[in-house]
Structure formats: structure tokens, C-alpha cells
Amino acid sequence: MTRELSFVEAMNEALMQEMARDDAVVIFGENIRGQGRGELRGLQDAYGDDRIIDLPISEAAMTGIATGAALAGGRPVVHFQVSSLIFPAFDQLVDQAAKLPLMLGGQAHVAATYMVMGCGASGGRAGQHSDNPYPYLIHAGIKSVMPSTPADAKGLLTTAVREDDPVAVFVPVRLMATKGSVAEEPYAIPLAQGEVKRTGKDVTVVAMGHLVAEALASAEALAADGIDAEIWDPRSLLPLDRAGLAASVAKTGRVVLFDDSHRSCGYAAELSSFIGETCFGDLKAPIKRVTRADVTIPFGQHIEDEVLPDRRRLEQAVHAVMAWS
Amino acid sequence: MTSSNLDAASLVSMYRQMRLIRRFEERTAELIDAGEIRAHAHLYIGEEAVAVGVSAALNTQDITTSTHRGHGHILAKGGDPMRMFAELMGRKAGYNRGRGGSMHIADLGLGIFGANGIVGAGAPMACGAARMFKNRGEPHVAVPFFGDGAMNQGVLLESLNVAAIWDLPVVFVCENNQYAITSPIAEMSRGSLAERAAAFGLKAETVDGMDAAAVFEAATRLVDRARAGDGASFLECRTYRFEAHNTALRASDLTYRTAAEIERWRERDPLTVLAQRLDAEDGWAQGDQAAVDAEVNAEIEDAIERAGESPRPSADTALDHMYAQTYPGFPAGVSE
């Protein structure tokens with residue numbers, strides 16, 4: 001049975017179901033009484049404060065505590081209220097949780113989930129509350145997913161909890177109240193499995209997170225100009241569905257990467273080099289990127305809008321790759 | 001073993017453990033000089049009484065986290081010298097299959113969560129394990145070892161607070177060896193470290209870290225307290241590192257401390273302190289000590305020989321163990 005749920009309601013349902021399924025699942029967070037934006041609603045009443053564990057403002061300790069809990073047989077979920085809060089925890093994420101399994105030579109794995117809430121800019125949140133920090137954790141080898149629909153949010157969070165490695169779930173701030181159809185029963189969307197969100201034959205637009213809906217809207221505008229865009233959502237950023245992406249590029253031969261992370265060493269840069277190395281023979285035009293600018297997000301409205309990827313510049317890029325001959 | 005039966009046999013057992021660590025470290029330095037170990041190491045020589053005294057109060061279901069100077073903590077909790085040497089030599093028989101080296105040796109089966117190259121980083125992991133023990137009603141205790149330098153690291157201070165507010169079964173063991181690499185603790189901190197821990201609401205004690213029996217007695221009190229559900233505590237062990245910060249820095253050791261200071265501390269060598277006590281209280285003849293030393297030396301030589309026989313991991317396994325679950329093309333290699 002499916003219902004209309006918001007992003008955070010879908011995530012809440014995933015947590016409720018996984019906590020019921022597996023007693024080892026525990027959630028560590030700050031400001032638990034605030035219940036997030038709804039993703040933590042009712043969990044403490046259902047499972048008690050031994051499993052929904054409230055911490056002081058100590059992101060580094062919170063993350064390390066989760067690692068220790070995992071080594072002791074727990075299956076921790078760490079709730080970061082805002083994306084930038086992973087930065088105070090950086091050592092515990094990238095130098096501890098991510099590296100311990102290899103350094104231990106396989107003696108143990110760290111089955112931790114990081115819920116990175118409130119990712120990206122949403123208007124006036126300025127430099128320290130507008131980040132999309134997935135390239136940092138991907139660079140460190142932390143499995144990373146970013147859903148673009150409530151249904152994907154539930155299925156990817158479920159996978160993250162069940163996976164025996166650290167998995168970061170990046171939750172776009174602009175989508176948290178967005179509603180969509182979600183199946184009630186538990187389900188998991190495997191890692192490394194992208195999805196074609198719109199089938200097209202002329203150009204592949206790779207979009208993720210809140211940019212998927214933007215790309216779909218642009219695709220309709222482009223269709224009016226006679227351009228049939230395929231919108232491909234990786235969903236799982238690391239590991240990447242290489243075969244799925246290559247298949248789309250093989251079909252269209254033209255690629256625009258639509259990514260709200262920094263231009264230099266951002267996620268689109270990695271996608272671009274993968275396509276360039278692997279799909280060169282299929283390409284009919286140079287790959288184009290529409291990304292966040294390489295600056296701190298400024299506060300004021302027009303200057304914030306200027307540095308973020310948007311439909312106008314996506315459509316310009318699509319026209320440019322279509323005009324290439 | 002509890003303080004009430006700290007008899008001659010227990011003291012001899014602690015002496016033997018300390019001698020094992022001392023010899024392990026002496027031979028490690030020689031193997032580094034000989035090129036048998038292709039890395040440097042942070043030697044525990046001088047601090048043996050801390051690891052041995054504390055570990056004698058623990059069992060294998062209790063867990064420890066350790067530091068960059070971790071060999072002593074691992075041996076004291078029952079670590080196998082052969083598998084440790086094999087790890088230092090980067091061999092397959094090593095505890096971490098040659099993936100970790102000196103600063104990451106662990107034995108999860110013995111409750112050793114592992115050494116750590118980042119100062120203070122193990123403390124929150126100990127708290128996380130302790131939280132699971134408490135949630136599950138298990139009587140186990142978590143012991144993070146760390147140095148005086150870690151007392152100025154944020155994550156450790158965060159961990160002290162969390163352990164206090166949650167009444168966790170954690171005994172924080174601070175090995176105050178007086179120097180954070182080369183920086184004297186007196187210049188890096190104001191006030192006593194134990195008083196700082198007490199300000200977090202932890203029961204805090206200070207003990208002579210050169211006296212294994214005293215460390216054992218203090219640790220036993222605090223571990224028993226944690227096991228009984230009476231909460232977290234902090235044990236500052238005043239100790240001293242006889243050697244340089246690590247084997248790479250031996251030549252530059254005297255830039256920050258004097259030979260006279262090192263000599264004063266060497267007079268309180270923890271092996272000598274315990275041997276003298278055994279001799280005075282129990283008539284431990286010089287022959288008994290020599291026999292233990294000879295037995296330990298033979299055990300270490302045997303461990304080195306067997307470690308050296310283990311093969312090196314083959315190149316085609318270099319990407320192994322990063323993930324429990326892998327996918328096509330993931331993790332990525334050096335080229336396509």
C-alpha cells in the first residue's frame with residue numbers, strides 16, 4: 001500500500017521499521033526532544049531513551065561513540081541536524097570510522113549510518129548552513145547516498161541502516177517537506193543502483209537531490225524546443241552505478257552534469273572524468289558541468305542565487321551541448 | 001585477581017608482563033634499526049606499570065582503546081607477541097594482516113579495540129562500547145588509555161562529559177608521562193589533570209604510575225566501581241617515557257629534557273620497583289628474577305622468528321578489508 005508522505009515522514013517510517021526489525025539499531029543525536037523536522041518523531045516514545053540517545057553539543061564524541069557502539073555490536077544511526085555539523089566530527093568520520101576496517105585488517109566493520117540533514121542552500125542560511133558536503137565524505141571513502149524523492153529516501157535510509165559499512169545519507173534541505181508516494185511495507189534500494197527519472201534520447205542530464213525535480217521541470221521546457229532529455233539520478237553517489245550511467249550516455253552521446261557541490265574536485269568532476277575515461281567513444285559533444293560556484297554561499301538573495309546551479313544555466317548548458325557538432 | 005590476594009604469584013605475574021613489554025620494545029627498536037621493520041614506533045619503555053597494573057584489573061570482555069604508544073596496552077591485555085611482531089613486519093600473520101602496523105594493532109577477540117594514531121580519538125569509542133554494555137545490562141567496563149597531551153584535545157573532554165552524565169562504566173586512564181611529544185605538561189595545562197576530570201563530575205584519583213601494584217590497586221577500585229554501576233572515573237598515572245617520543249627522534253631527544261631528569265626517573269624503573277618489592281617482602285631471590293627474564297627473552301625470540309616466517313600479503317589483496325560489502329568497480333583501484 002502506498003500513501004503520500006513527506007521526505008522526513010518517509011525517513012521516520014524507515015527508522016521505525018528498522019528499529020523494530022533489529023534491536024541493535026540505536027540512534028545518537030542532539031536536540032532529540034526537538035524530533036528533528038519530524039524524522040525522529042515518536043521514536044523515543046516507541047523505543048525509549050536507551051535507543052534514541054540524546055547527546056550534549058559534542059559532534060566529535062557523538063560520532064566516535066557511534067563507532068564504539070558499532071564495534072561493540074550495535075548498529076548506530078547518527079543524526080546530524082545540519083550538514084555542516086559533520087565538520088566538528090571530521091576526524092571521527094574520515095580518520096576513524098572510515099579507516100578502521102581496513103586498518104584492522106577485517107577484524108571488524110563499522111555498521112554506522114550518518115543522517116546528514118539539511119543539506120544545501122535554501123535561502124538566507126549563509127555560509128555555515130548551506131553546504132552540500134558529500135564530496136568530503138566520498139573522498140574519504142564513506143559510502144554516500146542522496147535521495148531525490150520520499151520513496152527513495154525511505155529505501156536508501158533502510159539500506160544505509162542495514163549495510164555493514166558506514167553510509168552517509170545526505171538529505172536536501174529543500175526537499176524535506178516535499179511529499180510523494182511511499183510504500184508502507186519495509187523495502188531497501190540497493191547501493192550502486194541509479195534510476196532514470198525521465199527517459200530521453202538526445203542528452204543525459206545527471207542530477208541528484210533537489211536538482212532532480214529542477215531537471216525534470218527543465219526537461220519539459222526543453223521538450224518544447226524539440227530536445228528530449230534523459231534525467232538520470234545516481235541516488236547512490238558512492239558506490240556509483242557505473243553501468244547505468246554508461247548505458248544512458250551510450251544512448252544519448254551528450255552529457256550535462258547538474259550538481260550542487262563545488263566545481264573543483266566536486267562530485268560532477270568525478271562523474272565527468274568517469275564518463276571521459278569510459279564512454280569517450282560514445283560522446284558527440286564535450287561534457288558540460290553546471291555546479292555550485294567555488295565560493296562560500298553568500299547571505300543576500302541575488303548573490304546566493306548567482307552561485308547555485310539553477311534551471312536557467314542547466315538549459316543553457318543543454319542547448320550548448322546540443323549545438324555542438 | 002583483586003587487591004586482597006595481591007600475593008607473590010600475582011606480583012611475579014605482573015613483573016613478567018612488564019618484562020615482556022620491555023623486551024618486546026627493546027627488540028622492536030633493534031628490528032627497526034636492522035630494517036626488519038620498515039617503520040618507526042613509539043616505545044612504551046618506562047611506562048609498563050600503567051598498562052600492566054590496569055590490565056590486571058580487567059578481563060577479556062572488558063574493552064580498551066589505546067594510543068600511538070600502544071604496544072604495552074596490547075601485550076598487557078594478553079596480546080600475542082608473535083602476531084604483534086608480524087604486524088610490525090607487515091606480514092599476513094599480523095593482527096591486522098599487515099594493514100595496520102604499530103599504531104593500529106588490535107585484537108577485538110581480547111577486547112582490544114586498538115591503538116590509534118590520533119591523540120584522544122579512542123576515548124569516545126570506549127564510551128560508545130560502554131553505552132552498549134550499559135544498555136544490554138552487561139557487567140563489562142571500557143578503559144581508554146591516553147596521555148597527558150590528550151587532556152587538551154576536544155574530543156577527549158567531550159567524552160569525559162558524556163561518560164559523567166551517562167554514568168558509564170568507563171575508567172579513563174591518563175598516562176601522564178610529563179610530555180606531549182616535547183611539550184612539558186606544566187606549560188601546556190594549568191592545574192592538575194585529575195582535578196580537571198573531577199570538575200566534569202568524575203571520580204578522579206592520582207597514582208604513582210611507576211608502581212604496578214599501586215596502579216593495580218587503584219584500577220581495581222575504579223573498575224569494580226564501574227562494574228557495580230556506580231559510574232565513570234579517571235585515573236591519572238604519573239609516569240615517564242625513558243626513550244624518545246619515537247624511534248625516529250632518538251638522536252634529538254635531549255632538546256627538551258635533561259639527562260639528569262631521565263636518570264632520576266630511571267631510578268624508579270617500574271621493573272626495578274616491583275622486583276625490589278618482591279625481594280623485600282617475599283625473599284624473591286635474584287635467581288627467580290633472572291629465570292623470568294630468561295624465559296621472557298626466549299618467548300620474544302621465538303615470536304620474532306615465527307613472525308618472520310609469515311609471508312607478506314600479496315599485492316592483489318591491497319584493496320581488501322576496506323568494506324564489508326563491495327560492488328562492481330568499488331573500491332576503485334589506481335587505474336581502470
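**Chain B and the setting of B:Ala57**

In chain B, 73% of the contacts with a separation of 6 or more join residues 24 or more positions apart, a contact being heavy atoms within 4.5 Å. The model is predicted, so local features need pLDDT of at least 70 and side-chain atom pairs count only at pLDDT 80 or more, while totals for chains, interfaces and linings use all residues. Residues are numbered from 1 along each chain as its sequence is written, chains are lettered from A and ligands numbered from 1 in the order in which they are written, and side-chain values use heavy atoms, with hydrogens and water left out.

Chain B has twelve helices and seven strands, taken as DSSP runs numbered from the N terminus (helices H or I, at least four residues; strands E, at least two). The C-alpha trace of chain B spans about 65 × 50 × 40 Å along its principal axes. Of the 336 residues in chain B, 55% are buried, that is, under 20% relative accessible area with a 1.4 Å probe and protein chains only.

B:Ala57 lies in the loop between helix 2 (48–55) and strand 1 (63–65) of chain B. B:Ala57 counts as buried because its relative accessibility is 12%. Leaving aside neighbours within four places in sequence, B:Ala57 is in contact with B:Phe216, B:Ala219, B:Thr220, B:Val223 and B:Arg227. B:Val223 is 166 residues from B:Ala57 in sequence, yet the two C-alpha atoms are 7.0 Å apart in space.

How values were computed:
Buried < 20%, exposed > 50% of the residue type's maximum accessible area, 1.4 Å probe, protein only.
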